[in-house]
Structure formats: structure tokens, C-alpha cells
Amino acid sequence: MMADKDDLILHNIGRLYTFRGEGAVAGKAMDSPVIIEGAALTARGGKISMVGREEEVWERADLGEAAECIDCGGRVVVPGFVDPHTHAVFGGTREFELAMKLKGASYLDILEAGGGILRTVKDTRSLSTEELTTLLDERLDRMLRYGTTSVEIKSGYGLDRETELRLLRAVRGSSSPLTKVATFLGPHAVPPEYRDRPDEFLDMMIEMLEGIAREGLAQYADIFCEKGVFNAEQTRRFLSAAREAGLGVKVHSDEIENLGGTIVGASLGAVSADHLLVSTEKDLEAMKRSGTVPVLLPATLMTIFEDRVPDVRGIMEMDLPLAIATDLNPNCMVESMQFIQTLACYRLRMTPNEILAASTVNAAFAIGLGDRKGRLKEGYDADILILKDPSFDHVVYHFGVNHVDTVIINGKVIERDMEW
Ligand code: NIG
Ligand code: FE
């Protein structure tokens, strides 16, 4: 039930950032956030109740007696970051692959030799649900301290019925206060037992979809459409079945080779298509028609030693609502959206304002939360960051440190006065 009085007020905000309207923020509009100087904000029952100029908010606020009052000291307030693509639940690490990659082995060479995803599958299958949840929660806690308040988490390191379900249950068992969206990525690779029978493996993953949807274990289904992994036809078969089972769909496409996965995903109404390094204009047009959010993963490019970058300006010019994500996985060990924001600037040449839109409002749309997350606006969830700086530009510009001072999730202060 909605509380009848405001229970939180943030005041003395130097600059508050939010976005106009209600939909995802496309293309040029990404560079024009709404910036309120000298702002304040109130919340009640976990939702934002008012945002505006300081004097106006004080005048109209209806504060309860026990309301928490936070003086922001003239600093910046932004919506909590949304990380719309992670593989945050897995066992083991793969630091030893660095040396192999430095000697010239490619991502697909390592996978082909039974390493990469398949190595992590070995390290994951031996863990219990509780052990997986503990590892996940440690990672989510680091994400939170770096400002992430909502996250998408994919399964995909089980590649058998039991372990895939265990991974989704481990996500469900998480006690982290972040908002979590679970995605079933059963077809993440072909496990060794099915090496010569990928379609049989895919059939098994398809059979799981109904149960997963019925139990509410995942909201989305995803597949790795890539050379040597799953082709466009298999992608269509799996994602169509997922839709029929009532799940939303996503796709890993155009990361290394363009097999047509983006077009298949878009034709099935995918909420997002992710990676997109080698996407063409046709792929972008398909996403535009279907309202699919393009999600770019700049840290992944770095960890596979890829010097090329996706066509960011093409995406912007087509008025697509670009989002960015960590892709946290054992090949790309990064929890911090701030690190991704820095790469988005220095590698993808996005402006700080575009980057903020890509990691809040558009990221929320990439995981189906756009109607309640990613904006500081009346009626939206009170997921809020107080940063240590006078403008968001500093977060992108000054890297390798944590700019988050305070994290608020659903109107509750989770972290406060964090050190640099
Ligand atoms: O999105 N590309 C496929 N999946 C992950 C990597 C997973 C892994 O290497 O363990 C990704 O980059
Ligand atoms: Fe991924």
C-alpha cells in the first residue's frame, strides 16, 4: 500500500539528471537529459513522489514525522544504474586464459578447445544452489557499491537440465536488494556430450521452456547466435518456442560473425539484441521496426582483444535507443558500470549524457523495466544515486575510482557516505 506521507527527502542537490517523456530515449535525444540545478526530490513507500526545484519541493512536500532527510551537499543525483546484460552466476575464474589470448588464441579457438564457456560449465556443475547464490551475491554486492540498482542475470553455465535450473534457482535465492531480472540462456554453447548433436541439445533446452515460464524462474530466454555455436535457424527455433511458452526474448548476435541473429531476434519481437559488433544497416533497420533495444558491451571487446567497435553513430542516426552493459562473465570480470561508462566514452566515443541514458533509461527498457526504472520521475521506483561530483561528466572522465556516495533502492538507503 502506498504510504500517505513522504518518508524520504533529498535536498540541496546541485544537479539532478532525468529524461523527458516515458519511452526509451532514442538517438539525438540521448544527448539532452533534463538537468535541474538546485533540485530536491521526495519519495514515499519506495516510489518517487516529487522532483523539482528545491523551494518548490519544500513547499509542497508532505513529510511524515520520521521522514529521512538527506542533504546532498550540492552534489549530483542520477537514476540508479541498470546493468541489462550479465552472466553473474557461475563458478570458477578464467584468469589463465589471459596468457593464451596474449599468445594469439582467439575467443572461438579457446571455446573450440574445450575452454572458455565450457571450462566454466565444468566449474559450475559441481556447485550447489547455495554456493552459486553466495558467489552471485558477492558480485551483486560489488555492483551495488558501484551504483547498479537493477540487473539482468543469465543462466548458461549449466548446459544440462539440472544445472540450468539450479542456476535460475540460485538467482531466485539471492538476498541482494538489487532488482533482478532472470534470463534462461540454456543455448549458450553446445556441451561436449552433445558435440555432434547440437539440435538434440537444443530440443532439450526447448523442452525446459514451459516449466521455466510456469515457475516464473526467468522472464526472458536468450541464445548465443555465433559461428560454431548456434546458427540463425536454431536461433529462430529456440526463440519462437520461448515466445510460445510466454517468455520474452533476447539474442546474443553479431559479436564475431554476422549469422543473421539480430534479424531473427527482431522478427520475433526481441526486447534487446546484444553485442552487435558486425551488425549491418539491415540489422539496425530490423531493430528499429521491432522496437528492439541495441545493447553494446564495450568491456567484452576489450577482453577479446578486439580493436574494432560497433557502429555507434549508425545506431544513433537511426534513432535507436542505445544501452550499454557490463556483460559480467568469467571472460569479462567487471561489475562496475562506471568502468563501462568510461569505455563507452573513450572507445565508443559516446558523450557523458548519451552514456547516462544508455546506462539508466534505455538499459531499463532493454530488460522490460522501462515503465518504473531509469528515470527520476513521479511514480517511478525510488532507485537513486548521490554521486561525489558536481556533474555526471566526472564519472566518465575520472576513471578507476568509485564516484558513488549513496545508493538508494526502492526508497531505502542501502549505502551512505562511501569512501573514494
Ligand atoms: O556475452 N558471448 C557469449 N557469452 C558471453 C561470454 C561468456 C564466456 O566467455 O564465459 C558474452 O560475452
Ligand atoms: Fe553475454
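## The iron site

In this predicted model, the iron ion (ligand 2) is coordinated by NE2 of H85, H87 and H252 together with OD of D327, at 2.0 to 2.5 Å. Donors here are N, O and S atoms within 2.8 Å of the metal (3.2 Å for Na, K and Ca), and since water is not among the atoms, sites may look incomplete. Along the chain, the donors of the iron ion follow the spacing H-x1-H-x164-H-x74-D. H85 lies in the loop between β6 (81–83) and α2 (97–102), while D327 lies in the loop between β13 (323–324) and α13, so the pair ties together parts that are 242 residues apart in sequence. The helices (H or I, at least four residues) and strands (E, at least two) named here are DSSP runs, numbered from the N terminus.

H85 counts as buried, at 0% relative accessibility, and D327 also counts as buried, at 3%. Buried means under 20% relative accessible area, exposed means over 50%, and partly exposed lies in between, with a 1.4 Å probe and protein chains only.

## Two residues with positive phi

H275, in strand β11 (residues 272–275), has a phi near 100°, a positive value in a residue other than glycine. H275 is buried, with a relative accessible area of 8%.

R349 is likewise not a glycine, yet has a positive phi of about 60°. R349 is found in the loop between α13 (337–346) and α14 (352–358), and this residue is exposed, with a relative accessible area of 70%.

## A contact across the sequence

R145 belongs to helix α5 (residues 129–145) and is partly exposed, with a relative accessible area of 30%. Although R145 and D405 are 260 residues apart along the chain, their C-alpha atoms are separated by 8.8 Å.

## A negative surface patch

E281, E285, D311 and E317 gather in a patch of negative charge on the surface. Such a patch is made of residues with over 30% relative accessible area and no salt bridge, like charges being joined within 9 Å; a salt bridge is a side-chain nitrogen of Lys or Arg within 4 Å of a carboxyl oxygen of Asp or Glu. Among the members, E285 is found in helix α10 (residues 281–290) and is partly exposed, with a relative accessible area of 33%.

## Basis of the values

Residues are numbered from 1 along each chain as its sequence is written, and chains are lettered from A and ligands numbered from 1 in the order in which they are written. Local features need pLDDT of at least 70 and side-chain atom pairs count only at pLDDT 80 or more, whereas totals for chains, interfaces and linings use all residues, and side-chain values use heavy atoms, with hydrogens and water left out.

How values were computed:
Patches are made of residues with over 30% relative accessible area and no salt bridge: like charges are joined within 9 Å, nonpolar side chains (Val, Leu, Ile, Met, Phe, Trp, Tyr) within 5 Å. Accessible areas come from the Shrake-Rupley method with a 1.4 Å probe; for residues, only the protein chains shown count as cover. Lys and Arg count as positive and Asp and Glu as negative; His and the chain ends are not counted. The place of a charge is taken as NZ of Lys, CZ of Arg, CG of Asp or CD of Glu.
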